[in-house]
Amino acid sequence: TLIQTQGLNILTDPVWSDRASPFSWLGPKRVHPPGIHFADLPPIDLVLISHNHYDHLDLPTIKRLWQRDRPTIITPLGNDTIIRRVVAEAQVQTADWHGQISISPTVDVHLEPMHHWSARSPFDHNRALWAAFVLTTPGGNIYFAGDSGFGKGDYFRAAKTKHASFRLALLPIGSYDPRWFMAYGHMNPEEALQAWDMLGRPYMLPTHYRTFALADTGYATPLVDLEKAVNARSEASERIRPLMAGEHWWIGVQ
């Protein structure tokens, strides 16, 4: 997602590669092109990397962004080592859960817990941290979950208690079947709406669908299930808006 706020161009977990894989010739292939050509991106100031799975930490994209724009990269502990193997000079700042990094006099990035895990090979399970992000801005707080299972919802409640209110929440709704295997790390749309409710019902941008086939969930299923969940909550229809790749949403200050 490209977020534009407070004069900053911010990318979340950018992937312009064709595959979410350590190999360019094998692994999950994207089923939809990026919503904007890489060359058409505005100059990127900040990149947020939530964790090291290949559909979120894409080293070829990070390398291209660094060579072009020299953005600040913020990521949880341990992911800097992965990035610097490819871009040794990258400006990577890391923090633990509950850490805070100042971006400008008006914008701070907070790293908050989320219900997930990490690995890029069979040998590095949970060796690097994962996190959600909260951007605090004068125009309102923005919550970016990255990937997250619902668990018992404790992390969403805690984020609301700590940060009081949110203008926008980016919450994942895809790759959730079969539930016995995927529920730990991926919410389904119904759970995403429960998280949205716990966050105080901000504007919500659903993410993590129609890009890579990473589970048994069908291409169209997340949006079908989201529509059912939204229809069951009359207050949700005005505040939750799924976007197709390339669409944009202007969200005014509440």
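## Contacts of L171

Beyond its neighbours up to four places away in sequence, L171 touches Y143, A145, F156, A192, A195, W196, L199, M204, L205, P206 and T207. The model described here is predicted.

## Nonpolar cores

L171 is also among the residues with the most contacts inside the largest nonpolar core, together with Y143, F156, L193, L199 and M204. This core has 28 residues. Two or more of its residues come from each of β8 (132-136), α3 (154-163), β10 (168-172), α5 (189-198) and α6 (221-231). The largest share, five residues, is given by α5.

Another core, of 21 residues, lies apart from this one and includes I10, I101, L111 and L170.

## Salt bridges

The structure has eight salt bridges. In one of them, E191 pairs with R179, with the closest N and O atoms 2.7 Å apart. E191 belongs to helix α5 and R179 to helix α4 (residues 179-182), so this pair ties together parts that are 12 residues apart in sequence. E191 is buried, at 18% relative accessible area, whereas R179 is partly exposed, at 25%.

R201 forms salt bridges with D197, at 2.5 Å between the closest N and O atoms, and with E235, at 3.6 Å. Because E235 lies in the segment after α6 and R201 in the loop between α5 and β11 (203-207), their pair ties together parts 34 residues apart in sequence. Through shared partners, D197, R201 and E235 are joined into one network.

## Second largest pocket

The second largest pocket has a volume of about 460 Å³. It is lined by 20 residues, of which H53, D55, W117, H186 and L214 are the closest to its centre. The lining comprises 10 nonpolar, seven polar and three charged residues.

Conventions
Residues numbered from 1 in each chain as written. Predicted model: local features only at pLDDT ≥ 70, side-chain atom pairs only at ≥ 80, totals over all residues. Heavy atoms only, no water. Core = buried A, V, L, I, M, F, W, Y, C linked by side-chain atoms within 4.5 Å. Buried < 20%, exposed > 50% of the residue type's maximum accessible area, 1.4 Å probe, protein only. Helix = DSSP H or I, 4+ residues; strand = E, 2+ residues; numbered from the N terminus. Contact = heavy atoms within 4.5 Å. 1 Å grid on protein atoms, 1.4 Å probe; cavity = no way out; pocket = protein on both sides within 12 Å on 5 of 7 lines; lining within 4 Å. Points joined across faces, edges and corners; volume = space filled by probe spheres on them. Nonpolar A, V, L, I, M, F, W, Y, C, P; charged D, E, K, R; others polar. Salt bridge = Lys/Arg side-chain N within 4 Å of Asp/Glu carboxyl O.
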